[in-house]
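Student: Could you walk me through how the helices in this model pack against each other?

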Amino acid sequence: MREPISPAHRLLCTLRYLATGVNFEELKFITAIAPQTLRKIIIETCQAIITVLKDNIKIPASEEEWKVVSDDFGTKWNFDHCLGAIDGKHIEIIKPQESGSYHFNYKHTFSIVLMAIANANYEFIMVDIGANGRVSDGGVFSNSSFYKNFQEKKIKIPEPDYLPGFNCKLPYVFVADDAFPLSNNLMKPYPQRNLSRDKRIFNYRLSRARRIRENTFGILASRFRILLRTINLNPEKTATIVRTCCHLHNFLRKNKMEIFLNESFDIENTNTGIIGPGSWKSVNQRLCKLQPNQGKIHL
């Protein structure tokens, strides 16, 4: 009678699957485990990882904690009153049976959406996973648990405060790109046409803070290559896979900083303004961006 698959072996199979993106048929030759069994134990192990690492992704619970996030953005990226960089990516999946065009996105593929907020240290402080790829990007954000909690005033964002050199109080903001609507608490750059010097400087400062989310997603996908494949699982199991990758990313950021070498990130020459691309950009395939959005959402 065959011995049961040990927890260590289950974890090894799961990490190899997440890190390499190999399918179950390929993985069976490496692990000597049947594909049907792999499909089951990998999801079970991912659920266990999420449970154990659940505190690695956490929205600040008080104004003081939010101000710590803001101070990091001010110190590291010269953009004060910033609470996080918001972005979303499409995670490609095989078309679910009898789903029609429900998950069909603007890139003509089938997907679910990973919506996330990153802090100044390339860590996720919020992830919302599972919206179908067909939903407009404004709809993805407005239907996220984060947005609903904000509307119900469960997220204790600090009240407007003074900035150095200003005699009026200004709100704390999240930074995003054109996929998201402009509002009091969500800032995006000026359109790139006929900009004054002040507006160009503002866009430059904003881009330094926004670049955090691109690096965070890029490092996540380059480390967990399963996100660069078309995942052959149903949307619910795919969401479990993606959430596991996000938790492991934060775990490594908090506990294994030595593996995040400087060349992993974009590096800016502050004298010339030239950006040196991070090593994650050598990955040929990127996560698909959200589509630009013109809708109005009040945040």
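Predicted model: local features only at pLDDT ≥ 70, side-chain atom pairs only at ≥ 80, totals over all residues.

Student: OK, at what angle do the axes of α2 and α3 cross?

Tutor: The axes of helix α2 (residues 24-31) and α3 cross at roughly 95 degrees and come within 9 Å, where axes are lines fitted to C-alpha atoms, for helices over the stretch in contact, and angles run from 0 to 180 degrees between N-to-C directions. The two helices, α2 and α3, are therefore roughly perpendicular to each other. Helices here are DSSP runs (H or I, at least four residues), numbered from the N terminus.

Student: Which residues of α2 and α3 meet?

Tutor: From α2 there are F24, E25, L27, K28 and T31, and they meet P35, L38, R39 and I42 in α3, contact meaning heavy atoms within 4.5 Å.

Student: And how far apart are the axes of α3 and α8?

Tutor: Helix α3 (residues 35-52) and helix α8 (residues 235-255) have their axes 9 Å apart and pack at an angle of about 45 degrees. That angle makes α3 oblique to α8. The contact is made by I42, I43, C46, Q47, I49 and I50 of α3 together with K237, T240, I241, R243, T244, H247 and L248 of α8.

Student: What about α1 and α2, how do those cross?

Tutor: The axes of helix α1 (residues 7-20) and α2 cross at roughly 135 degrees and come within 11 Å, and α1 and α2 are therefore oblique to each other. In this pair H9, C13, R16 and Y17 of α1 meet F24, L27, I30 and T31 of α2.

Student: Switching topic, where does α7 bend?

Tutor: Helix α7 bends by about 30 degrees at R208, the bend being the angle between axes fitted to the seven residues ending there and the seven starting there.

Terms used. Residues numbered from 1 in each chain as written. Heavy atoms only, no water. Parallel < 35°, antiparallel > 145°, perpendicular 65-115°, else oblique.
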